[in-house]
Amino acid sequence: GPTIEDLDPVRYLTNRSSGRMGYALAEAARARGARVTLVTGPVQLVPPSGVELCKVRGSREMYDTAMRWLEPGTIFVGAAAGADFRPTVPTRRSRRPVDRG
């Protein structure tokens, strides 16, 4: 699925990925007898039964979580649509006042 990259307290970058491909691949692998860990961004899907689910929000968190599962794994399938960009440091507040007049 997608990832969400915060720009500031109210804005973020993401994409329209539904996550359906990753969930379908996880379900197919599980049906063939694989032990599956599904690392997923925020989606509105029901996880396949018998799959270990790791919910993440941002691309860095997705990467770090996938890397933790990589070594004990035999096969890695990457189907996520992680964000192409993320700020180095998200802005915590506005740097200048907003002109309301």
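How many nonpolar, polar and charged residues does the lining of the largest pocket have?

## Basis of the model

This is a predicted model, in which local features need pLDDT of at least 70 and side-chain atom pairs count only at pLDDT 80 or more, while totals for chains, interfaces and linings use all residues. Residues are numbered from 1 along each chain as its sequence is written, and side-chain values use heavy atoms, with hydrogens and water left out.

## The largest pocket

By class, the lining of the largest pocket has 20 nonpolar, 9 polar and 2 charged residues. Nonpolar here means Ala, Val, Leu, Ile, Met, Phe, Trp, Tyr, Cys and Pro; charged means Asp, Glu, Lys and Arg; the others, Gly among them, are polar. A pocket is an open set of points on a 1 Å grid over the protein atoms alone where a 1.4 Å probe fits, with protein on both sides within 12 Å along at least five of seven lines; lining residues have an atom within 4 Å of a point.

The largest share of this lining, 6 residues, comes from α2.

## Salt bridges

A salt bridge is a side-chain nitrogen of Lys or Arg within 4 Å of a carboxyl oxygen of Asp or Glu; the count comes to 3. Asp6 pairs with Arg57, their closest N and O atoms being 2.9 Å apart. Asp6 lies in strand β1 and Arg57 in the loop between β4 and α2, so this pair ties together parts that are 51 residues apart in sequence.

Arg11 forms a salt bridge with Asp8, at 2.6 Å between the closest N and O atoms. Arg60 and Asp64 meet in another (3.5 Å, N to O).

Definitions and conventions. Helix = DSSP H or I, 4+ residues; strand = E, 2+ residues; numbered from the N terminus.
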